[in-house]
Each structure stands twice: as structure tokens, then as C-alpha cells.
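I opened this notebook to keep a record of what I looked up, entry by entry.

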Amino acid sequence: MKDVQSELDSRGIYIHGVGISDLEYPIIFNGNHTIGSFTMLVDLDENVRGTHMSRFVEVLNKYYDNLSEKKLLDMSEELKNVLEAKKAYIKVSFPYFSLKKAPITKLESYTKCDVTYEVIDDEIKLYLAIPIITLCPCSKAISNYGAHNQRALVEIGLKLNDEIKLEEIAKYVEKSSSGMVFSLLKREDEKYVTEHMYDNPHFVEDVVRDLSVFLENDNRIGGYKIKVISYESIHNHNAFSEREGKAW
């Protein structure tokens, strides 16, 4: 059959990115079954009319059931080879579920964080959104009893030098917050969580600084960007803090 995409183009216009976007596909990432939303692009020489869109999905079909950070880099290289391109770009976003034990009863339930990987040729970036709890140090200091606390969100961008487990980053976040969010807590667990929060008050600035210390000391991370949003329970605004580090 006639290959129209491979026809010569006389306009002399190079295209930086062409491919597919918003493709939802079942994936297994580090053993975790979930659904990924993919954008996959390559560049296109000025003398070629079009790319072969079907080949993007053909490449994905070779990797979808055994994905990892390394396999994403392998996918990028294969896209360039299959589509005869100089550059490739892959973005995949997915919810990542992991089992978490309640602190006292040890009952297990799933917690979710939102994950995005972005691959540009041989460079890979990881973006995470992890819910936490913040308890206000000022509120604790000025009150005779109690202190306002609320759910907050940590958004992290990481430029990776080497593979790193998502659970490791989640552990850094946990140690940098007043407390973590659980799907299942019994009364004895809830008592522990609320008292632990009270003993570990954190401003959004504290979360950013504590988390920066962990990321600065991890050589697998070449650069990072942190945003912390605290959905304030007694104010008509949110508290916000951000920081970039290393070679972001």
C-alpha cells in the first residue's frame, strides 16, 4: 500500500514534536497495576511529510506490562530508532497505589500518589503529588489547648541521575511533615496520628526545608523542585511555599 507519510516534503520546515497524546493504556509499573496517560513524540525532518503514528503504540505494546524508569529510557531510544528520529519525548501520568500499615493496629490499606514521568531523550524527570498533614506551630504555641491542622499537598519534581523507588521519596516526605494521610484508621491508630501531629508541628516552610535536606543528600537526584500547599482549616486562604535545588 502507498506510504503517504514517507513522501518527500518540499516546504523545508522542521517539526520539533509530532506523535500521539492523551492515550490511556493499562500498564504495570514496578509491579503496580494502573492506567497510564501517554504523550509520545519525536522530531520530524524538514524533507519528510509525516510520521507513522501507529508505530508509537507498537513500541508501547512491547513495554506496557513491565515498565520502570530504565524501560522508559529504553522506549525513548526505540522510538528514535523505529521512527528514524533524532529526538524523542515521552510523558506518562498515572495513579500509584501502595499498601500502608496503620501505626498501631497494623491494618493495611491502599494509599495513592499521583505520578508523572517525563523522558527527553536520555534525561528523565519524575513528578509526584503526595498528600500530608500540617499542624501549625504558631497555633500550638499560642493556644491553651489544641492547634489547627489540615491536609496539605507536596508536589515534587526530580531530575534523576539513577533509578529511585517511589516509596523512598514518599518516606522522605513523611519524615518532613507533621503526619501522613491514611485510608484506614481504627480509634487507637487515630489517637496515635493526632498526637504525633501535635508533637511534630510544621509550617509549609518547615516541610520544604526538611525535604530539601533529604534531596540534597541523595546523589541519585540531580535537581529538584518542591511545592507545598496547605489547605488551611481556619483561614480563608491556603499557605504555600516552594524551592528549587541543585541543577533543576
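Entry 1, cysteines. I took a disulfide to be a pair of cysteine sulfur atoms within 2.5 Å. The model is a predicted one, in which local features need pLDDT of at least 70 and side-chain atom pairs count only at pLDDT 80 or more, while totals for chains, interfaces and linings use all residues. I number residues from 1 along each chain as its sequence is written, and side-chain values use heavy atoms, with hydrogens and water left out. How many disulfides does the structure hold? I found zero. For C136 the closest cysteine sulfur is that of C138, and at 5.1 Å this is too far for a bond. I then looked up exposure, where buried means under 20% relative accessible area, exposed over 50% and partly exposed in between, with a 1.4 Å probe and protein chains only. C136 counts as buried because its relative accessibility is 14%, whereas C138, at 40%, is partly exposed.

I list six helices and nine strands for the protein chain, both being DSSP runs numbered from the N terminus, with helices (H or I) of at least four residues and strands (E) of at least two. The C-alpha trace spans about 80 × 35 × 35 Å along its principal axes, and 44% of the 248 residues count as buried. With contact meaning heavy atoms within 4.5 Å, I note that residues 24 or more positions apart account for 64% of the contacts with a separation of 6 or more.

I defined a nonpolar core as a set of buried Ala, Val, Leu, Ile, Met, Phe, Trp, Tyr and Cys residues joined through side-chain atoms within 4.5 Å. The largest one has 55 residues, and those touching the most other members are L72, M75, L79, V115, Y117, L158 and L215. Setting aside neighbours within four places in sequence, I find M75 in contact with M40, V59, L60, Y63, L67 and I90.

I fitted axes as lines to C-alpha atoms, for helices over the stretch in contact, with angles running from 0 to 180 degrees between N-to-C directions. Helix α1 (residues 54-63) packs against α2 at an angle of about 145°, and their axes are 10 Å apart. On the α1 side I list R55, F56, V59, L60, K62 and Y63, which meet K71, D74, M75, E78, L79 and V82 of α2. The axes of α4 (residues 166-175) and α6 (residues 204-216) come within 8 Å and cross at roughly 145°. Here Y172, V173 and K175 of α4 make the contact with L211, F214 and L215 of α6.

Apart from neighbours within four places in sequence, S241 is in contact with V204, E205, V208, I226, K227 and V228. N81, by contrast, has its place in helix α2 (residues 69-82) and is exposed, at 54% relative accessible area. I also looked up N81 against L67, which is 14 residues apart from it along the chain, and their C-alpha atoms are separated by 19 Å.
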